[in-house]
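The sequence and structure are shown first.

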Amino acid sequence: SFSALGIPIIEGRSFDEPDASRAPLQAIVTSAFAKRYWGSEPAVGRRVRFAPAGPWFTVIGVTGDVRGTRLDEPLSETVYLPLVVAPGPAMENGNADTARWSPRELALVVRSTASPNDVVQPVERTLRTLAPSIPVYDVRSMAQIVDRSTARTSFTMELLEVASLVALLIGAVGLYGVVSYMVSLRERELAVRMALGAQPGSLRRKVLGQAMVVATAGIIVGVGAALLSSRVIAALLFGVAPNDVATLVGAAGLMGAVALAASWVPARRAAAVDPAVALRTDV
């Protein structure tokens, strides 16, 4: 049922209890299907059929949007039919007393709060009791199904995570080197400031401030590049907008923290300059 899969009925109702003696010609469609064919008009009460001479099915409900196999594929425009429906020309007159049909494969969904391993064996025993000739195979939990459907995307994202960490490390090392070099070039100036009474804390703040100006410029450029490439990034995301404000702010904050940490050691070294030693060495 839709409730077992967590698919909401957003318009109309679900199917009635199946009646093998007289199956109603009812159908339920996804929201994507309804929007494509009927736009903003109500879908309940509309009719659909799958062949020019086939029977008409009355839409009794609309479900939330779903995806068939992968999270990165387009929304499925799906029509759900009762399992006991017997399609055929005779069904146009509401006559359900024709030869029944059944799909070649059936998927049974069991929703439970117990562990999947604790549910499988009781369900298999029940199925063998009800229908011994039907084989039971490919038993998987929903977590396994989701993992399989997102395997390719997950692998791509893991590679991007590794690349991002390497880039972050390279950026931190680079900023550390730039600030260290800047401090070495200004060692005599810093020594003069110290000799004239400048406090170590003020020198440390000055070096950190200059480093953060450079880091802030880089963060602004990076956020702008992320916004410009949002269409490319959107294909790899699910449930998160490529221009999500919280994500961008979090990333900017992380980069700022890394820049501050990379600049801290050179700033401390600048504040620890001995004026006498630095001036003597310069001379």
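## A buried serine

Serine 263 is buried, with a relative accessible area of 0%; buried denotes under 20% relative accessible area, computed with a 1.4 Å probe and protein chains only. This serine lies in helix α9, helices being DSSP runs of H or I with at least four residues, and strands runs of E with at least two, numbered from the N terminus. Apart from neighbours within four places in sequence, serine 263 is in contact with Leu175, Val179, Leu208 and Ala211, where contact means heavy atoms within 4.5 Å.

## Basis of the model

The model is predicted: local features need pLDDT of at least 70, side-chain atom pairs count only at pLDDT 80 or more, and totals for chains, interfaces and linings use all residues. Residues are numbered from 1 along each chain as its sequence is written, and side-chain values use heavy atoms, without hydrogens and water.

## Overall architecture

The chain contains 10 helices and five strands. Of its 283 residues, 24% count as buried. Among contacts between residues at least 6 apart in sequence, 70% join residues at least 24 apart.

## Nonpolar cores

The largest nonpolar core has 15 residues, and Leu175, Val179, Val183, Leu190, Val207 and Ala270 have the most contacts inside it. Such a core is a set of buried Ala, Val, Leu, Ile, Met, Phe, Trp, Tyr and Cys residues joined through side-chain atoms within 4.5 Å. Helices α5 (151-185), α6 (187-195), α7 (200-228) and α9 (245-271) each supply at least two residues of this core; the largest share, five residues, comes from α7.

Valine 207 touches Val179, Met182, Val183, Ala267 and Ala270, not counting residues up to four places away in sequence. A second, separate core of 11 residues includes Phe33, Trp38, Val48 and Phe57.

Technical notes:
Buried < 20%, exposed > 50% of the residue type's maximum accessible area, 1.4 Å probe, protein only.
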